[in-house]
Amino acid sequence: MQILMAWRNIWRNPKRTGIILVAVVIGAWTMLAFSALSRGMMASTLENALNTLTGHIQIQNALFREDPSVENRITHPASVAQLLEQNLPKGALWAFRIQVNGVAANAGNSQGITIMGIDPEKEPQLSFYGDVTPKGKLLTPGDDHAIVVGEALLGNFETKIGRKLVLMTQDTNLETASRAFKIKGTFKAEMQSTEKQYVFITLGAAQALLGIKDGVSLACVRLPDSAGMDSQGLNKVLGSVRQNLPRDLCALTWMDLLPLLKGYLGMFDRFMLLWYLVIFIAMAFGLVNTMLMAVLERTREFGLLKALGLKPAKIIINVLLECIILLMTGLVVGNLLGLLTLYLFSGGIDMAFMAQGSEFWGMGRMVVPFFTLKDICYVNAVIMGLGVLVCLYPAIKAARITPVEAMARV
Amino acid sequence: MLMAWRNIQRNPRRTILTIMAIAFACVLLIFMLSLQIGTYEIMIDTSVKTRTGHIQVLKQGYNTDHKIRQAIKVPADIARTLYQTPHITTISFRSNAFALLSSSLRTSGGFITGINPEEEVKISSVAQTIRKGRYLTPSDTNAAVVGSLLAKNLKIDIGDELVVLGSAMDGSIAATVLQVTGIFSSGMDQYDRTAIQIPLHHFQETFVMGRAVHEIIITCDSLWHVGRVKSAISENLSQPGTQPGLVCMSWDELTPGLIQSIQMDLGGGLIFYAILLVMVAFSIMNTFVMAVFERTKEFGTLMAIGAGPWRLSRVLILESGFLTLCGIVLGILAGCILTLWVGHTGIPMGEAEGMMRQYGIPGLLRPKLTLATAFAGPAAVFLITIVTALYPAVKVHGIKPVEAMRAV
C-alpha cells in the first residue's frame with residue numbers, strides 16, 4: 001500500500017523524476033565504468049610486475065634482497081627443491097634462477113645488464129621469457145654457449161642472431177669472470193626497459209661462469225589461479241614452507257618484493273572510495289533538491305494526512321520510500337549500463353597509442369576493464385546508503401509539517 | 001532585473017542548494033586542476049634539473065642509442081652561436097659512457113657522465129642533493145660523485161677508490177682510477193642506482209674523445225620560452241657550414257615517457273571533470289526546469305498582460321545567471337582559499353611516498369594556484385549551467401496564455 005502510494009507520488013511529475021533518474025543512472029554508470037577501467041589498469045600493472053621475473057613467491061638467501069650479489073646464494077638447492085615439491089599446492093610452478101648484475105659487450109658497444117641463469121624447461125611458463133620469441137629460438141637444456149636477449153637490446157648492440165656477445169661479471173673470488181655467448185634468440189617484453197635489462201643463459205652456464213657449482217640465487221614460484229593475489233592465499237602456502245626452510249634462507253612474497261606496488265594497490269581502493277563520494281555529492285544536491293521540492297509542493301497534502309492521524313514516522317517512511325524507489329530504478333539501469341560497457345570493452349583497450357606513457361607507470365599495453373563483486377556492492381551501497389541519508393532531510397521536513405499551518409496555506 | 005532577483009528569493013532553500021552544488025563543483029575543479037598542474041610542474045622540473053636540461057643539442061639518434069661514437073666533434077663552435085641566442089641562460093657540455101665500476105669489494109655497471117662543474121652547478125640539481133662529501137670543483141681531475149644507491153651497492157664511501165673499465169671512442173679499452181669525493185641522492189631511484197659524474201676533461205682523456213662531447217645542455221629562463229629557443233637553434237643548425245647530423249631536442253622529446261604519462265593523467269582527469277560537470281548539470285537542471293513549470297500559470301498571466309516571450313526568456317536567463325554567478329563566485333573564493341592553504345601546508349603522501357619518488361615526485365604534494373587553474377574550471381561550470389538554463393528559457397516560448405492560466 002505504502003509502496004504503491006510512493007510509486008504514484010513519484011510519477012506525479014514525470015519530467016522532474018526523469019531528470020533526477022538520469023542523474024542517478026549516470027552517477028552509477030560512471031562510477032562503475034571508471035572503477036572498471038582503473039581496476040583493469042591496476043591488474044595490468046600487477047600482472048606485468050609479476051611476469052617481470054617476480055612471481056608470487058621467491059625463496060632466496062636472507063641477505064640476497066639487500067645485497068643481490070653472488071655471495072648471497074642458496075648453496076644447497078636440492079633441499080629447497082624437495083621442500084617445494086612437497087609443500088606447494090597442485091598446479092603451482094617453480095624454477096631455480098641465478099640472477100647477477102653484469103656487463104654485456106661486443107666489438108663496438110657495452111652496456112650494464114642483469115644476467116639471468118634459468119632452467120630452460122621450466123622458465124617459459126613462469127615469466128615473460130617464454131611469451132613471444134620474435135627471432136631465433138629459446139634455450140634448450142645443455143645449451144651452455146647460447147644466450148637469449150631482448151629484441152631492443154639487439155638494436156642497441158648493432159648485432160643479430162648468431163653473433164657473439166661477451167658477458168662480464170664478478171665471481172665468488174671477487175675476480176672478473178667473462179665468457180662469450182652466441183645469440184640464439186630474442187624475447188619480447190611489455191616494456192622496452194625490460195628488454196634492455198635482462199639476458200638469459202642456462203643455469204649450468206651461469207654456474208660455470210660464476211664458479212658456484214650447483215648454487216642458485218633464488219627459486220621463483222608461481223601459484224595457480226588467484227591463490228597468490230591476496231595475503232590470505234599467500235600465507236596458506238607460505239605457512240608450511242617457512243617452517244621447514246633452512247635458517248639462512250627466507251621466503252618472500254611479491255608484496256615483500258614490490259612494496260611500492262602493494263602500497264599503490266592499497267591507495268587505489270581508498271582513491272576509488274573518494275571518487276565515489278565526489279560523484280555522489282554532485283548527485284546528492286540534485287536529489288535533495290528534487291525531494292525537497294516534491295515535499296514542499298505537497299505541504300497541504302501532508303497537513304491533511306497528519307490531520308487524518310498519520311504518524312510523523314509514517315510520513316518519513318513514505319518520503320524515504322519514494323526516494324528508495326527512485327534510487328533503485330536509477331541503480332538498476334546504471335548497473336545494466338555498466339555491465340554493457342564492460343561487455344563492449346571485454347576485448348581490452350589497446351594502450352599502444354600511449355605506449356611510453358603507460359610504460360612510465362609500469363603498465364602493460366592491453367588493459368581489460370573489469371570489476372569485482374565488491375566494486376558493484378560498494379557503488380550501490382554508497383549511492384543507496386548515502387542517498388537515503390540525505391533524503392532524511394526532506395523527509396523530516398515533511399514530518400514536521402503541522403496540519404493547521406499547512407491547511408491554512410494556499 | 002529586480003523581478004529576477006525576487007524570483008530567486010521565492011524559494012530560498014532550493015536556491016541555496018543549487019548555489020552550493022555549483023560552488024562545490026567549482027571548488028573541486030579548482031583544487032584538482034591546481035593539484036595536477038602543481039604535480040606536473042614538479043615532475044618536469046625534477047627531470048629537467050637532474051637530467052635533461054630544457055634543450056639539448058646532440059648527434060641524431062644519440063638520445064636513444066647512447067653510442068659513444070655519436071659525438072659532437074667541435075662543440076665550441078656551436079656554443080659560440082648559442083651564446084648569441086636570446087633566452088638562453090646556461091650552456092654546458094656533457095659526455096656519457098657506460099662502464100664497469102669496481103670497488104675493492106664489488107663490481108657493477110654504471111653510467112658515467114663527464115661534466116663541467118662550473119656550469120653544471122647552474123643547470124643541474126645534483127650539486128644540491130649531495131648527501132655526503134662535496135660536489136666536483138673545476139680543479140678536480142680524477143674525482144667522482146656517485147649516486148647513493150650505487151654507492152651502497154658497491155659498498156664505497158668518501159675517499160674510496162673506484163676502478164673504471166669501459167670501451168673508449170676509438171674502440172680501445174678505457175681505464176682509470178677515480179676517488180669518490182661525494183655521494184648524491186637525486187630522489188630518482190633509477191638515476192641514483194647507476195649514475196656517476198666526473199670532470200669532463202678527465203672523461204675526454206679516459207675515453208679518448210679529444211674535444212668532442214655528446215650533449216650540449218641548454219637551460220632557458222622559463223619553460224614557456226623553450227619552444228621559441230628550440231626553433232631558433234634548429235634554424236642555426238640547419239645552416240650550411242655547421243657540423244652535419246646535429247639535432248636540437250627539447251625536454252619533452254628527450255623524455256617522451258614523462259610527457260605522455262602527464263597527458264595520460266591529464267586525460268583521465270579531464271574525463272573525471274566531464275563526468276562531474278554532467279552530474280552537476282543534471283543536479284541543477286531540476287531547479288531551472290521547475291522554475292518554469294511551477295510558474296506556468298504566472299507566465300500565462302504575464303503574457304496575457306503583454307509580456308513577450310523574449311522578455312520572459314530574459315528574466316529566466318537572468319535568474320539562472322544570478323544563481324550561477326553566486327555559486328561560481330562562492331566556489332572560486334572557497335576553492336582559492338582551500339588551494340592556497342593546502343599549497344602552503346602540502347599534502348604528505350605517507351606510505352606512497354617511495355612510489356611517488358620513483359616518478360620524480362617529492363614527498364609533499366603542493367597544488368599550484370594559477371590564473372588558468374583558478375578560472376578554467378569555473379568557466380566550464382558557467383558554460384554548462386548556461387546551456388542547461390537555455391532549455392527552460394526556450395521552453396517558455398511554447399506557453400500559450402489561455403491554456404497556461406487554466407493550468408494548476
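In which strand of chain B is the place of Thr176(B)? In this predicted model, Thr176(B) belongs to strand β7 of chain B, which covers residues 173-184.

## Helix α9 of chain B

Helix α9 of chain B runs over residues 226-238, and its 13 residues reach 18 Å from the first C-alpha to the last, close to the 18 Å expected at 1.5 Å a residue. Its buried residues are Val226(B), Val229(B), Ile233(B) and Leu237(B). Seen down the axis of α9(B), these buried residues fall within an arc of 75°, and therefore they line one face of the helix.

The face turned away from that buried side carries the exposed residues Arg228(B), Glu235(B) and Ser238(B). On the buried side, the packing partners in chain B are the strands β1 (55-59), β2 (88-102), β9 (215-220) and β10 (246-250), together with the helices α4 (75-83) and α10 (251-254).

## Nonpolar cores

The largest nonpolar core has 72 residues, of which Trp275(A), Val319(A), Ile383(A) and Val381(B) touch the most other members. Helix α9 of chain A, residues 259-296, gives the most to this core, with 16 residues. Apart from this core lies another, of 52 residues, among them Val80(A), Ile113(A), Leu165(A) and Leu209(A).

For Val381(B), with neighbours within four places in sequence left aside, the contacts are with Ile22(B), Ala25(B), Cys26(B), Leu29(B), Leu277(B) and Ile328(B).

## Overall form of chain A

Chain A contains 14 helices and eleven strands. The radius of gyration of this chain is 31 Å, whereas the globule rule gives 22 Å for 410 residues; the value for chain A is well over that figure, so the chain is more spread out than a compact globule. Taken along the principal axes, the C-alpha atoms of chain A fill a box of roughly 100 × 45 × 30 Å.

Of the 410 residues of chain A, 53% count as buried. Among the contacts in chain A with a separation of 6 or more, 78% are accounted for by residues 24 or more positions apart.

Notes: Residues are numbered from 1 along each chain as its sequence is written. Chains are lettered from A and ligands numbered from 1 in the order in which they are written. This is a predicted model: local features need pLDDT of at least 70, side-chain atom pairs count only at pLDDT 80 or more; totals for chains, interfaces and linings use all residues. Side-chain values use heavy atoms; hydrogens and water are left out. Helices (H or I, at least four residues) and strands (E, at least two) are DSSP runs, numbered from the N terminus. The expected span of a helix is 1.5 Å times one less than its number of residues. Buried means under 20% relative accessible area, exposed over 50%, partly exposed in between (1.4 Å probe, protein chains only). The arc is that of the directions from the helix axis to the C-beta atoms. Contact means heavy atoms within 4.5 Å. A nonpolar core is a set of buried Ala, Val, Leu, Ile, Met, Phe, Trp, Tyr and Cys residues joined through side-chain atoms within 4.5 Å. The radius of gyration is taken over C-alpha atoms; the globule rule is 2.2 Å times the number of residues to the power 0.38.
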